[in-house]
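Have the structure open as you read.

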Amino acid sequence: MSPYDLPAVLYCDDDALNLRVFDANFGQRFRIFRCSSPNEALALLEQRRGEIGVVISDQRMPGMSGVELLERARTLAPDAKRMLVTAYADLQAVVDAVNRGQVTRYFVKPWDRAEMLAALEDALKIARLELKIREVESRMMKAERLATLGQVTAGIAHELMGPVGYLSQNVSALRRDIDQVIEYVNKHLASDPDRAVAETVKDLPSLIGDLSTGTEHLRQVAHGLKAQARGDETEQAAEISEVVSFAVKLARAEVRDRARLTSSGEAARVLFGPVKLCQVVLNLIVNAAQAMEGIGRQGKIDVRWTMQDHNVILTVSDNGCGIPVELQEKVFQPLFTTKPVGIGTGLGLSICKDLVTQYGGKLKLSSVPGEGTDIEITLLRAPMP
């Protein structure tokens, strides 16, 4: 393992010669930050939070003693091992600091290279183990939260099925009865024309059609939620133009005042469940819309797809705020979000990537901060029926 893969050592001493000696002895073995003053050391600890595994300080320095520095370092780097280099004259103060838990180990000048090396290796091993423990604990917490979310999802799906059933029955009855109403109204319009009423009557079948489509989508979403909660996997095929069209309708309220939304592409079937594909597209459109906050220009979201050999390439592009380079890999981690509290759950992109992968596809993100983001999904083509 390279020294640059390890937690770092911070060494503070106001004597430049001591800094050079320390670096000459251990610089090839460890990643070392050198500081010539306590204030410089504290500033570096603030800047490098989480990187420093060991803090070593000389006891006698102007303005702040080594013990005082390590006491303050404990706040900035609570997991770092704190060591002190001291002379015999300072020994009682150092022993008191050790007893208070502010210093984990001390060395009397001149320190022995082998002893110091062993102490550094032990301290950094402990730092790496503690880091792994925290990572495991973090993963366990996320797994527990996701398991709880799965239980909640199954409950939501169950509760949805009742209202969806009522909606479906009432839409069927409304569709059956509306023809009679339209026929009756049209007879009266023939003798007493009313342009507004005529346009309303003309739109009624389309509105009921949308209501029926929405009800069916809700039913499929509820079944899909139950299937995901149980871990079921069913391979289906979807007409991508229909899925995108419906996702665009669902996203209207989120997009309306933020951006102009366009979609384009020819008819194509893909190996992807229509409900899950709609979930992916809708998530990406909503994310793009939310990225328009504060950009100071007209927002644009473009959903397009093209054929490429045995694949269909679906791209969702926006001219929003973009994603910082250092966060572009993290946005696909479960529960990670760059949005304010109450806006994002940190699950949207993670679920999208999981669903795309589940159906044999690939998802790629490219983003330029301040200019916008493109998310490209490679989907497998399905044979035309």
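**Loop glycine**

With a relative accessibility of 79%, G294 counts as exposed, because the cut-off for that label is over 50%. Keep in mind that this is a predicted model. The rest is grouped by topic below.

**More on G294**

- G294 sits in the loop that runs between helix 9 (274–290) and strand 9 (299–308).
- G294 and G320 are 26 residues apart along the chain, and their C-alpha atoms are separated by 8.7 Å.

**Backbone geometry to check**

- K109 and P110 are joined by a cis peptide bond, with omega at about -10°.
- P110 belongs to the loop between strand 5 (105–108) and helix 5 (113–191).
- D309 isn't a glycine, yet its phi is positive, at about 55°.
- You'll find D309 in the loop linking strand 9 to strand 10 (311–318).
- D309 has a relative accessible area of 68%, so it's exposed, given the cut-off of over 50%.

**Helix 3 and its buried face**

- Which residues of helix 3 (residues 66–76) are buried? They are G66, V67, L69, L70, A73 and L76.
- Looking down the axis of helix 3, you see these buried residues within an arc of 165°, so they line one face of the helix.

How values were computed:
Residues numbered from 1 in each chain as written. Predicted model: local features only at pLDDT ≥ 70, side-chain atom pairs only at ≥ 80, totals over all residues. Heavy atoms only, no water. Helix = DSSP H or I, 4+ residues; strand = E, 2+ residues; numbered from the N terminus. Buried < 20%, exposed > 50% of the residue type's maximum accessible area, 1.4 Å probe, protein only. Arc of directions from axis to C-beta.
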